[in-house]
Each structure stands twice: as structure tokens, then as C-alpha cells.
Amino acid sequence: MRNNILKALSLILVVTLVAASCLTCVFADDTLGSITVELSDSDTDKPITTGVLTLYKVASLNSNGSYTYTSDFASSGIELTVRESTLATLLTQWAVSQGVTGTVGTPNSDGKVTFSNLEVGLYLIVPTTNPTNYNMNPSLVSIPNVAGEGEYDVMVEAKLESTYIPTTPDEPTPTTTTVVTEPDVVVTTEGTNTEEGKTDEEVDIEEDEPEEKDEDTLPQTGQLNYPIPIMAGAGVFCVAAGLIVVRTDKKK
């Protein structure tokens, strides 16, 4: 009976050791992964090729699926159970204040920053220099990706906020334009009028008043004034000649 008990205990011990060995093999994951951050404008989908990102390894993955801070963050006192967005901000402040060294990357022509050969664990992505006209929020990423299907090559879309402010175009400088329509008519659209005492706001148009026409007078079709003296003189001459002729006839 005693031997049977010892055999059973031995069997249980062997099974436990095998199971523990298997679990160790599973969680002692030596697989390397990568994190690729995509930067693009949310409205135009155009890639953003400016800015500098820094990647920090915050925690290692334990066999039970939990995380343990790395030496750089162990004394931060920040609970890993804090909401992700708040946790990312707190860890960023800690990394900056403590001068923690990370891996630096810049976007390529496609607006992507890739960090390769990464061990399993929890990582923090921080914008060391924000992209031009954007603010980027820090974010946390795990390898393998617990939010996806356990991928080791994780794709992340950067959290960007536009800071672009359209500039107001400069107002054109007013110019002075003078239009001469008639010899005595001057129109000034801007600037000082040519006449003394006129301001920029006054636009004077001086025109000669048209002559008033007598609507009752018939239009003159020819010159009738110059023949009158000639015809009067001819008439006087004819009358005088007639009188002379009459007196001559009476004397005869």
C-alpha cells in the first residue's frame, strides 16, 4: 500500500514537472517582434514624413501573462492597472524626468517608423519631436499584440491632432487710378483728388452742362443770314435805276 502511494506521488510530481516545463517553454518566448507606427493625415490620408519618435521598453511579459517593470521604470511607482491613456502620459513624464534612454526612429517617405528585433513585453511610443503642424499623443503597445490576434509584428496608427492654422492673406495695397474721359472731367478712384480741398473719400466728376436745346425751334438746314444785305442793296439799286429811267423819259 505504501509503495502504491509513493508511486502515485512520484507520478504526480513527474506530471507537474513536465507541465511546468511546458509552461516555461510557452512563456519563455524568445520570438522577436516589431512595431511599425503609421503617421498620416486623417482627412487626406497623406503620409506625414516629419517628426522624431522614441520607443521605450516599459515592462517584460511574465509566465502568467502579467507584466513586470524593467529597471528603468521599476521605481516609478505607477500602477500598471491605470487606464491606458493616463498610464502612457505618466510613463512619458517619468521617462523624460529620469532621462531614460530609448530607441529613436524617423518616418520614411510612406510616413512609417519601424522598430525591429523587439523582445516580448510592453512598449511606450513617445514623440520626441512632434510632426510639423501636428501634436502626437504617447501610446502603449504590447508584443505579442494582446489587442489583436497575438501578432508579433504590430502595426500602430499614430494618434495625431492637427495644429495647422490657415494664414490670412495680406490685403492688397490700394493704388491710385486716374481716368480722363474729357478735357475738363477727372475721375479719381483712390488717393487725393487733383482739385484742392478734395479728400480720398470724395470722388468728383465734373462735367460741362450740355447746352439746352429749344425743342420748338425747327432745325436749321442752311445759312440764311449772309444774303440779306446783298439782296437789300440790289433792291435799292433797282429802284433808283427805275426812277432815273422815268425822269429821263419825262424830259424827252
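How many aromatic pairs does the structure hold? One. I'll come back to that pair in a moment. Keep in mind throughout that this is a predicted model.

Let me start with the whole chain. There are three helices and 12 strands. The chain has 252 residues, and buried residues make up 24% of them. The exposed surface comes to about 18,700 Å². Carbon and sulfur atoms supply 55% of that area. Now the contacts. Take those between residues at least 6 apart in sequence: 60% of them join residues at least 24 apart.

Back to the aromatic pair. The partners are Tyr-56 and Phe-73. Their ring centres sit 6.4 Å apart, and the planes meet at 80°. Planes over 60 degrees apart count as edge-to-face, so that is what we call this pair. Where do the two residues lie? Tyr-56 is in strand β2, residues 52-61. Phe-73 is in the loop between β3 and α2. The pair therefore ties together parts that are 17 residues apart in sequence.

Are these two residues buried or exposed? Tyr-56 has 9% relative accessibility, so it counts as buried. Phe-73 is at 0%, so Phe-73 is buried too.

Stay in that loop for Thr-70. Thr-70 also lies between β3, residues 67-69, and α2, residues 84-98. Its relative accessible area is 15%. The cut-off for buried is under 20%, so Thr-70 is buried. What does Thr-70 touch, leaving aside neighbours within four places in sequence? Lys-57, Val-58, Ala-59 and Ser-60.

Lys-57 brings us to charge. Side chains of opposite charge can pair when their charged atoms come close. A search of the whole structure finds two salt bridges.

Lys-57 is in one of them, with Glu-119. The closest N and O atoms are 3.0 Å apart. This pair links distant parts of the chain. Glu-119 is in the loop between β5 and β6, Lys-57 is in strand β2, and they are 62 residues apart. Glu-119 has a relative accessible area of 48%, so it is partly exposed. Lys-57 is at 24%, so Lys-57 is partly exposed as well.

Asp-30 is found in the loop between α1, residues 2-27, and β1. With a relative accessible area of 71%, Asp-30 is exposed.

Next, the salt bridge between Lys-112 and Glu-38. Here the closest N and O atoms are 3.8 Å apart. Lys-112 lies in strand β5 and Glu-38 in strand β1, so the pair ties together parts that are 74 residues apart in sequence. Lys-112 is partly exposed, at 32% relative accessible area. Glu-38 is partly exposed too, at 28%.

Which strands form it, and in what order? The order is β5-β1-β9. The sheet of three strands is open, and the pairing is mixed. The edge strands are β5, residues 112-118, and β9, residues 153-157. Each of these pairs on one side only. On average, neighbouring strands of this sheet are turned by 15° against each other, direction ignored.

Look at β1 and β9 in that sheet. Strand β1 covers residues 33-38. Five bridges join β1 to β9, and the two run parallel. For a landmark, take Ile-35: its bridge partner in β9 is Val-154.

Strand β6, residues 121-129, pairs with β8 over five bridges. The sense here is antiparallel. Ile-125 stands opposite Ser-139 in β8.

How covered is β8, residues 139-143? Mostly: five of its five residues are buried. Which way do they point? Ser-139, Val-141 and Ile-143 point one way from β8. Leu-140 and Ser-142 point the other way. Both groups are buried.

To recap the residue pairs. Tyr-56 and Phe-73 meet edge-to-face. Lys-57 forms a salt bridge with Glu-119, and Lys-112 forms one with Glu-38. That's it from me.

Notes: Residues are numbered from 1 along each chain as its sequence is written. This is a predicted model: local features need pLDDT of at least 70, side-chain atom pairs count only at pLDDT 80 or more; totals for chains, interfaces and linings use all residues. Side-chain values use heavy atoms; hydrogens and water are left out. Helices (H or I, at least four residues) and strands (E, at least two) are DSSP runs, numbered from the N terminus. Buried means under 20% relative accessible area, exposed over 50%, partly exposed in between (1.4 Å probe, protein chains only). Contact means heavy atoms within 4.5 Å. Two strands pair if DSSP finds at least two bridges between them. Axes are lines fitted to C-alpha atoms, for helices over the stretch in contact, and angles run from 0 to 180 degrees between N-to-C directions. Rings of Phe, Tyr and Trp (its six-membered ring) pair if their centres lie within 6.5 Å; planes under 30 degrees apart count as stacked, over 60 as edge-to-face and the rest as tilted. Accessible areas come from the Shrake-Rupley method with a 1.4 Å probe; for residues, only the protein chains shown count as cover. A salt bridge is a side-chain nitrogen of Lys or Arg within 4 Å of a carboxyl oxygen of Asp or Glu.
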